[in-house]
Amino acid sequence: MEVNQDYELPCGRELETVWENLDEVDDHQADCVHCRTARESLLALRSATQELIDEPDPTPPDLVGRIMSAVRAEVRRGQMLDLSAAEPGSVEVSEQAVAVVLRYAADSAGNVRARRVRVRKVGVDDSGAAQVEVEVTLATRLGNTSGADTLARVRELVSAAATSRVGISLVSLNLLVEDVYEDGE
Ligand SMILES: [Zn+2]
């Protein structure tokens, strides 16, 4: 995987190294709280996005890069979301990382492109999962005559990705269409 900017965890290890060792944890990573937290985020994201990739629509080629830069930015800002988890010990991923996954879900509806995704934490539900409000700003393909169906599909995919794949509780989902694009753009 090509990564343009490195990001160092507080222990000195690169986030990319944690990503590369996701399935083979070394002694340092087994003991290091920074590495363990980063690894849990990356594992949650990998499984969430893997399920999305398994959908029949083509995967945007820069998906992994987008996830990595979101995680990197968010580790810096320290703004993490708790995910509901079957096992004890909460899993945290970043708001931006969740936004990346939801954006990908919206894109896979076809005939639309997600331009911006805003994820805002508004509370915590009984299971400990973060309750979030999501706003997706979309561009629709010029000539798309099934706009209502398309938006319903986006709503379905984003809701499914948020609740069953990412594990957050979606309180509200606003879809805003603000633009059109032409094929080949
Ligand atoms: Zn470490």
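Biologist: Which residues is Val154 in contact with, leaving aside its neighbours within four places in sequence?

Modeller: Contact means heavy atoms within 4.5 Å, and in this predicted model Val154 reaches Ala106, Ala109, Val112, Leu138 and Leu175 once those neighbours are set aside. Residues are numbered from 1 along each chain as its sequence is written, and side-chain values use heavy atoms, with hydrogens and water left out. Because the model is predicted, local features need pLDDT of at least 70 and side-chain atom pairs count only at pLDDT 80 or more, whereas totals for chains, interfaces and linings use all residues.

Biologist: How many residues does the largest nonpolar core have, and which of them have the most contacts inside it?

Modeller: In soluble globular proteins, nonpolar side chains tend to be buried together. A nonpolar core is a set of buried Ala, Val, Leu, Ile, Met, Phe, Trp, Tyr and Cys residues joined through side-chain atoms within 4.5 Å, where buried means under 20% relative accessible area, exposed over 50% and partly exposed in between, with a 1.4 Å probe and protein chains only. Here the largest core has 23 residues, and Leu102, Val119, Val134, Val136, Leu138 and Val154 have the most contacts inside it. Helix 5 (95-107), strand 3 (112-124), strand 4 (130-141), helix 6 (147-166) and strand 5 (169-181) each supply at least two of its residues; helices (H or I, at least four residues) and strands (E, at least two) are DSSP runs numbered from the N terminus. Apart from this core lies another, of 9 residues, including Leu9, Leu15, Val18 and Trp19.

Biologist: Which residues coordinate the zinc ion?

Modeller: Donors are N, O and S atoms within 2.8 Å of the metal (3.2 Å for Na, K and Ca), and sites may look incomplete since water is not among the atoms. The zinc ion is coordinated by Cys11 (SG), His28 (NE2), Cys32 (SG) and Cys35 (SG), at 2.1 to 2.3 Å. The angles among these 4 donor atoms are 103 to 114 degrees, which makes the site tetrahedral (four donors with all angles between 85 and 135 degrees). Cys11 lies in the segment before helix 1 (15-20) and Cys32 in the loop between helix 2 (27-31) and helix 3 (33-53), so the pair ties together parts that are 21 residues apart in sequence.

Biologist: Is Cys35 buried or exposed?

Modeller: Cys35, which lies in helix 3, is buried at a relative accessible area of 1%, and Cys32 is buried at 10%, while Cys11 is partly exposed at 29%.

Notes. Tetrahedral: all angles 85-135°; square planar, octahedral: opposite > 155°, others 65-115°.
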